[in-house]
Amino acid sequence: MKRILFFISFLTLLSSCEDVIEVSVPNSEPRLSIDAHFNLFTDENPLRLEGGVRLTLTANYFNNTVPLVKDATVFITDLYTANQYPLIYNPSTEYYTPKTPEILINYDTQYRLTVIYKEEVYQGVSKFISVAPISSVIQGTKTLFEGDETEVIVSFKDDAAATNYYLNDFGFNILRPIEDRFFQGQEFVFSNFYSSDEVRPGQSITIKAFGIEKQYFTYISLILQQTGNGGPFQPLPATTRGNIINTTAFDNYPLGYFLISEAYESDLLIK
């Protein structure tokens, strides 16, 4: 009986010691995030543009929404001709885009992106980066640990005339940055495996390939390491710096990256 009374007293003591712990999360000043990815499908007529400039503000940890910036002034300057092209905000896509995407596929120039927001000027420079077309996309027969994965085999021919960097998008936020260090000028064949929760027989998937530069290869590799392959449009770690600077207040740097990529895609029906 004494043991039972002691046990009840012990539980009462524990319950009386329970306190509500409030975690204080610092509220930092919102920082502008500039996701400026222009993916140009040059094998399509008319030329198709995927992406554009998406402007958001960083939010506090417990915020459920990311504030969009819809009232900025955004334009691109061709640094060879000095021509300026305004980018217009599209509410349906949430991107600022040019009226004619053909202005972005000149190999002989660099392009400067300018974003003016709350009297501060943000700028970044990029160029149009080509990519090797996808040679083939086929379904393989190999599996991994669970035994029910679906293998998709992709191949392309690397350009021997240059050092190239690639970004492959397999859907489902699966991104694979690749450099041609070990297959310069050769046909490169590699596999991606999908779980049974991702793809099933009768489902069509789309594989995309983008041309990227060395700096972006390092940038996206760092993001994938820190976010678990969350994709370039996921919230970025605060320490991740891109190629865009604040020319008005240098310390108030933006997040994000300015990139113009040639793009190809290929569809595959899973059997």
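1. Phenylalanine 156 and phenylalanine 190 are both buried, a word used for residues under 20% relative accessible area, with exposed meaning over 50% and partly exposed in between (1.4 Å probe, protein chains only). The model is predicted, so local features need pLDDT of at least 70 and side-chain atom pairs count only at pLDDT 80 or more, while totals for chains, interfaces and linings use all residues. Residues are numbered from 1 along each chain as its sequence is written, and side-chain values use heavy atoms, with hydrogens and water left out.

2. The ring centres of phenylalanine 156 and phenylalanine 190 are 6.3 Å apart and the planes stand at 80 degrees, so this pair is edge-to-face. Rings of Phe, Tyr and Trp (its six-membered ring) pair if their centres lie within 6.5 Å; planes under 30 degrees apart are stacked, over 60 edge-to-face, and the rest tilted. Phenylalanine 156 belongs to strand S10 and phenylalanine 190 to strand S13, so the pair ties together parts 34 residues apart in sequence. Helices (H or I, at least four residues) and strands (E, at least two) are DSSP runs, numbered from the N terminus.

3. Tyrosine 216 and tyrosine 257 make another edge-to-face pair, because their ring centres are 4.8 Å apart and their planes are at 70 degrees. Tyrosine 216 lies in helix H2 (residues 214-227) and tyrosine 257 in strand S16, so parts 41 residues apart in sequence are tied together. Both of these tyrosines are buried.

4. The count of aromatic pairs comes to 15. One aromatic cluster is formed by Phe156, Tyr166, Phe170, Phe183, Phe188 and Phe190.

5. Strands S9, S10 and S13 form an open sheet in the order S9-S10-S13, with antiparallel pairing. Strand S9 (134-139) and strand S13 (187-194) are at the edges with a single partner strand each, so one side of each has no neighbour in the sheet. From one strand to the next, the twist averages 20 degrees; axes are lines fitted to C-alpha atoms, for helices over the stretch in contact, and angles run from 0 to 180 degrees between N-to-C directions. Strand S10 (residues 150-157) is joined to S13 by eight bridges, and lysine 157 has glutamate 187 in S13 as its bridge partner. Two strands pair if DSSP finds at least two bridges between them.

6. Asparagine 164 is in the loop between S10 and strand S11 (165-169). Its relative accessibility is 13%, so asparagine 164 counts as buried. The asparagine 164 side chain reaches the backbone oxygen of aspartate 159 at 3.0 Å and that of alanine 162 at 3.1 Å. Setting aside neighbours within four places in sequence, asparagine 164 is in contact (heavy atoms within 4.5 Å) with Asp158, Asp159, Ile178, Glu179 and Asp180.

7. Which strands pair with S16? Strand S1 (residues 32-41) runs parallel to S16 over eight bridges, with asparagine 39 partnered by serine 261. Strand S8 (residues 128-129) is also parallel to S16, through two bridges, and isoleucine 129 stands opposite serine 261. Strand S14 (residues 204-212) is antiparallel to S16, with seven bridges; here lysine 208 stands opposite glutamate 265. In S16 (residues 255-269), 11 of 15 residues are buried.

8. Arginine 31 lies over the face of tyrosine 253, at 4.1 Å from the ring centre. Arginine 48 lies over the face of phenylalanine 41, at 3.8 Å from the ring centre. A charge sits over a ring if NZ of Lys or CZ of Arg is within 6 Å of the ring centre and within 35 degrees of the ring normal.

Terms used:
A polar contact is a pair of N or O atoms within 3.5 Å; within protein, one must be able to donate a hydrogen and the other to accept it, and residues adjacent in sequence count only if both atoms are side-chain atoms.
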